[in-house]
Amino acid sequence: IILITIHMDSFTYLSSNDYAGDKEKEMGLPISPLCDRNTVKRQEGHFVFIDLFAEPTYELLGNIIPRVKEEVLPHIIRTKGIL
């Protein structure tokens, strides 16, 4: 439950910063993941957040701290099935 809360809080923070996508669009740059207010749907954004940020981060951390790989990473992967 704590991991899901952290994920939801992090996604809410990222999705509240969709103005970054507007700025990128104005500059003719590709819009960063989760930052396009016209195309990102909240549920899809959760999966993108997990795939691009949470899972890779905890995989790397798990290489340093094996307990993270054994105990935390499975919860993050399972979260994708809950959302």
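Trainee: Is Phe49 buried or exposed, and how do you know that?

Mentor: First off, keep in mind that this is a predicted model. Phe49 has a relative accessible area of 9%, and buried means under 20%, so Phe49 counts as buried.

Trainee: Which nonpolar core does Phe49 belong to?

Mentor: The largest one, where Phe49 sits with Leu34, Ile50, Ala54 and Ile76, making five residues in all. Helix α3, residues 42-64, supplies the largest share of this core, three residues. In soluble globular proteins, nonpolar side chains tend to be buried together.

Trainee: How many aromatic pairs are there?

Mentor: The count comes to one aromatic pair. The partners are Phe49 and Phe53, with 5.7 Å from centre to centre. Ring centres need to lie within 6.5 Å, so 5.7 Å makes Phe49 and Phe53 a pair.

Trainee: Why is the pair of Phe49 and Phe53 called tilted?

Mentor: Look at the angle: there are 40° between the planes. Stacked would need under 30 degrees and edge-to-face over 60, so 40° lands in the tilted group. Both residues are in helix α3, four residues apart, or about one helical turn.

Trainee: What makes Phe53 partly exposed?

Mentor: Its relative accessibility is 36%. Buried is under 20% and exposed is over 50%, so Phe53 falls in between.

Trainee: How do you know that Glu71 and Arg67 form a salt bridge?

Mentor: Check the closest N and O atoms, which are 3.0 Å apart. The cut-off is within 4 Å, so Glu71 and Arg67 qualify. A search of the whole structure finds one salt bridge. Both residues lie in helix α4, residues 66-82, four residues apart, about one turn of the helix.

Trainee: Why is Arg67 called exposed?

Mentor: Arg67 has 55% relative accessibility, and the label needs over 50%, so Arg67 is exposed. Glu71, at 39%, is partly exposed.

Trainee: What about Glu24, which is buried: how far away is the nearest side chain of opposite charge?

Mentor: That's Lys25, 10 Å away. A salt bridge needs the atoms within 4 Å, and Glu24 has none. Glu24 is in helix α2, residues 19-26. Leaving aside residues up to four places away in sequence, Glu24 touches Leu29, Pro30, Ile31 and Ser32.

Methods: Residues numbered from 1 in each chain as written. Predicted model: local features only at pLDDT ≥ 70, side-chain atom pairs only at ≥ 80, totals over all residues. Heavy atoms only, no water. Core = buried A, V, L, I, M, F, W, Y, C linked by side-chain atoms within 4.5 Å. Buried < 20%, exposed > 50% of the residue type's maximum accessible area, 1.4 Å probe, protein only. Helix = DSSP H or I, 4+ residues; strand = E, 2+ residues; numbered from the N terminus. Phe/Tyr/Trp six-rings, centres within 6.5 Å; stacked < 30°, edge-to-face > 60°. Lys, Arg positive; Asp, Glu negative; His and termini not counted. Contact = heavy atoms within 4.5 Å.
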